[in-house]
Amino acid sequence: MVKPNILIADDHPLLLKGLEGFLKEKKYNIIATCLDGLSAYNTIIKEKPDIAILDIEMPNMTGIDIAKNCKRYDIKTKIILNTLHKEKKMFEDAVKFNIHGYLLKEFALTEIESCIASVCEGKPYFSEKIFKRFSHSSDENTNIESLTRSEIKILKLIADEMTSSEVADFLSISVRTVEKHRANIIKKLNLDQKPNSLLIWSQKNKEALL
């Protein structure tokens with residue numbers, strides 16, 4: 001199979017260099033690397049790579065903005081987003097703008113070749129962690145999506161059996177703030193008001209909080 005022409009864009013030079021080096025070692029054709037969204041988009045228009053691997057959050061234009069423009073102007077380059085973000089909104093935007101791949105940076109090097117192969121065959125590829133989390137239709141997972149980033153952070157610490165005062169120390173906030181968050185989380189997750197209900201729930205659903 002002919003290897004695709006690939007553009008990589010990331011505003012973190014070390015991550016960009018790392019991914020570029022890895023793919024070159026695997027004999028992929030890297031035609032350009034960019035450190036911001038606008039130069040990535042301009043290069044996509046000019047060079048028409050088969051695939052663009054883009055960070056979501058970049059200066060001047062985000063990966064989502066680039067995908068949006070590619071869809072609007074019928075640019076054939078297939079977009080793979082490489083991101084730290086696990087929010088549902090980002091995932092929904094990725095689906096909405098016909099993004100072909102969605103990789104989490106922590107698993108990027110282990111998944112990137114499978115992702116490229118899948119995208120070349122015209123099949124979308126989403127990191128397993130993302131796909132499991134957002135395609136799961138259980139009520140529990142639906143409720144997780146209603147939690148804020150701060151609440152999820154606190155839930156993870158509760159899952160590690162931290163007390164409210166330990167959570168407060170760890171996050172440099174007051175115990176009262178932690179208790180307020182706990183009350184909100186219990187309400188959003190429809191849990192019983194029992195002392196250990198949050199601890200039990202957080203440990204049972206630890207995987208979904210990642």
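Author: Let's start with how the chain folds back on itself: among contacts in the protein chain between residues at least 6 apart in sequence, 61% join residues at least 24 apart. Please keep in mind that this is a predicted model.

Reader: What makes up the protein chain, in helices and strands?

Author: The protein chain has 11 helices and six strands. Of its 210 residues, 45% are buried.

Reader: Let's turn to two helices, then. Why are α8 and α10 called roughly perpendicular?

Author: Look at the angle. Helix α8 (residues 149–159) packs against helix α10 (residues 175–188) at about 95°, and their axes are 10 Å apart. The range for roughly perpendicular runs from 65 to 115 degrees. An angle of about 95° falls in that range, so α8 and α10 count as roughly perpendicular to each other.

Reader: Which residues meet where α8 packs on α10?

Author: From α8 come Ser150, Glu151, Ile154, Leu155 and Ile158, and they meet His181, Arg182, Asn184, Ile185 and Lys188 in α10. Sorted by class, this contact has four nonpolar, three polar and three charged residues.

Reader: What classes of residue make up the contact of α8 with α11?

Author: Leu155, Ile158 and Ala159 in α8 meet Leu198, Leu199, Trp201, Ser202 and Gln203 in α11. That contact divides into six nonpolar, two polar and no charged residues.

Reader: Now for Met162: why is this residue called partly exposed?

Author: Its relative accessible area is 23%. Buried would need a value under 20%, and exposed a value over 50%. Since 23% lies in between, Met162 is partly exposed.

Reader: Where is Met162, and which residues does Met162 touch?

Author: Met162 sits in the loop between α8 and α9 (164–171). Not counting residues up to four places away in sequence, Met162 touches Leu157, Val167 and Phe170.

Reader: What makes Lys68 partly exposed?

Author: Lys68, found in helix α3, has a relative accessible area of 30%. That value is between the limits of 20% and 50%, so Lys68 is partly exposed. Lys68 and Asp93 are 25 residues apart in sequence, with their C-alpha atoms 9.1 Å apart in space.

Reader: How do you know whether Lys27 is buried or exposed?

Author: The relative accessible area of Lys27 is 62%. Exposed means over 50%, so Lys27 is exposed. You will find Lys27 in the loop between α1 (13–25) and β2 (29–34).

Reader: What makes the phi of Lys27 worth a look?

Author: Most residues other than glycine have a negative phi. Lys27 is not a glycine, yet its phi is positive, at about 70°. Asn60 also has a positive phi, near 75°. Asn60 is placed in the loop between β3 (51–55) and α3 (63–72), and with a relative accessible area of 62%, Asn60 is exposed.

Reader: Finally, how do you know that Lys3 lies over the face of Tyr28?

Author: Lys3 is at 4.0 Å from the ring centre of Tyr28. The distance cut-off is 6 Å, together with a limit of 35 degrees from the ring normal. The distance of 4.0 Å is within 6 Å, and Lys3 is counted as lying over the face of Tyr28.

Notes. Residues numbered from 1 in each chain as written. Predicted model: local features only at pLDDT ≥ 70, side-chain atom pairs only at ≥ 80, totals over all residues. Heavy atoms only, no water. Helix = DSSP H or I, 4+ residues; strand = E, 2+ residues; numbered from the N terminus. Buried < 20%, exposed > 50% of the residue type's maximum accessible area, 1.4 Å probe, protein only. Axes fitted to C-alpha atoms, helices over the stretch in contact; angles between N-to-C directions. Parallel < 35°, antiparallel > 145°, perpendicular 65-115°, else oblique. Contact = heavy atoms within 4.5 Å. Nonpolar A, V, L, I, M, F, W, Y, C, P; charged D, E, K, R; others polar.
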